Amino acid sequence: MLDRKFIVSNPDLVKQNCLERGATCDIDRIVELEKLRTEKLQAAQELNRQANEVSQSVGKAKDDTERQQRVAMGRSLRDQKDVAQREHDEIEVQIVDLLLRVPNLTHPQAPRGGEEDAVEVAMGKTPIRKFDFLPKDHLALGQQHDLFDFEGGARVAGAGFYFLKNAAVILDLALQHYAVSFLTRRGYTPVTTPDLALTEILHGTGFIPRGPETQIYSIENTDLNLVATAEITLGGMMAGETIAAETLPLKFCGLSHCFRTEAGAAGRASKGLYRVHQFTKVEMFAFTSPEQSDAVHEEMRGLECELFDSLEVPYRVIDTASGDLGGPAYRKYDLEAWMPGRGDGGQWGEVTSTSNCTDYQARRLNVRSKATGQKGTQFVHTLNGTAIATGRAMIAILENHQNADGSISVPAVLRTLVGSDRIG
RNA sequence: GGAGAGGUGGCUGAGUGGCCGAAAGCACGUCUUUGCUAAAGACGCGACCGGGUAAAACUGGUCCGCAGGUUCGAAUCCUGUCCUCUCCGCCA
């Protein structure tokens, strides 16, 4: 959510930003309603003040008649206040409703435009491999080594669910362990998070459960939802808290399952493990001061690169264009790994994403910071970044590290964890 | 899941209808005295949203887990709800 005062004093800037983001928002209406709301607020406060005054005077009435008069007056003032307050509240609801649709501001250096305007800003250290045989896709490799059971998954939970089996389980665990240890060594506090979160927390982080296009599974008869990413729970972890400014940045790496309905995704390239309803992810998350967020964002991008370099997977880094940023992100980098078995002769496939959400989530979640000895608080900045989503990372590893006989070389950094240097 | 107790300021903890934004202690800040790996005293010290100011001063409102209700007036009474603790049961 954007600061409404900022919107009121910079309506044209915000409108331009909405345009670049491809978001339709009625900024003029917000400005108008906010003005109205302030008037109602002041009216309600004034009536309340008068009512308080009258209440105070009741005890000092000199006789019963005067007392009765004052009580009646107080009641009337309260009633008037209630009316003004109710009008105010109705306007407030309308404003918040409009405000929720206004996307975050955009980093000045982020490219403008849609998906096709994304800028490739870097390449990984591992070059794209020239195979002297026809590389298989991860499904074929999985079949050869009995790594996945999609039919069983569908029987149990429907299409888009799967069982991992045999070496895939070991690889999945190794990737989790590797990412968590890697980040712990770099100052990220490891946590496991709930896999469910309250609707309010989803809203705070900018996710919109329920509705036709939602990515979110909700639990019937409760206020709970399956999380689409640990970003939701990690952000929510500090909801309503005021953090001592000296302790910033707070950096976490969270391990969670991720659940996505993938509504509206039908038809998109989505063979096998690439687009599924459930996967496991190690996620970085940080609460920072406004001054720190750009640097921490670059740090997260750097860590993602280090991780995928160390896994010997070729990738490119994308600076996402304004129209493709979604609501909360101010700037977003994606790592796209080269997946030799994807499409016809290989394709880039997104494996990580890191966003600087500035104060957009913090405002809704009400996460502030306060410097000791100083007056006032400010909203923190929040950032998130995928360390490793095991499913997609596994696709990249299997497809890039396959050998002519269909065996798969385990990347050096995983060999101890996997307990072997090859699969098959 | 059952029974009970409780949620008050940074912390401990008083407060059962107006004199309570809230005693007292701790912590913290400023000052004074002594003087120096200490101690004593005085004063001050919550947050948030508004108005006001160059900034202050000043000023209105809200907040005692949360949401409702009763009342002219609620930390205090009523209802619901969440959370914490203890005991019992169950369980990975």
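What covers the buried residues of α4? The cover includes α1 (4–9) and α3, in a predicted model where local features need pLDDT of at least 70, side-chain atom pairs count only at pLDDT 80 or more, and totals for chains, interfaces and linings use all residues. Residues are numbered from 1 along each chain as its sequence is written, while chains are lettered from A and ligands numbered from 1 in the order in which they are written.

The buried residues of α4 are Leu77, Lys81, His88, Ile91 and Ile95, a residue being buried if 20 or more other C-beta atoms, placed from the backbone, lie within 10 Å of its own. Helices here are DSSP runs (H or I, at least four residues), numbered from the N terminus. Because the expected span is 1.5 Å times one less than the number of residues, the 36 residues of α4 should span 52 Å, and the 51 Å between its end C-alpha atoms agrees.

RNA strand B is surrounded by 17 residues, of which Arg49, Ser55, Val58, Gly74 and Arg75 are the closest; a residue is near the strand if its C-beta atom, placed from the backbone, lies within 6 Å of it. The elements giving two or more residues to this surface are α3 (27–58) and α4 (64–99), and α3 gives the most, with nine residues.

Elsewhere, helix α12 (residues 390–400) is mostly covered, with 11 of its 11 residues buried. Among them is Ala393, which, leaving aside its neighbours within four places in sequence, is in contact (C-beta atoms, placed from the backbone, within 7 Å) with Leu175, Leu311, Val351 and Ile388.

Definitions and conventions:
A residue is buried if 20 or more other C-beta atoms lie within 10 Å of its own, exposed if 12 or fewer, and partly exposed in between; C-beta atoms are placed from the backbone. Two residues are in contact if their C-beta atoms, placed from the backbone, lie within 7 Å.
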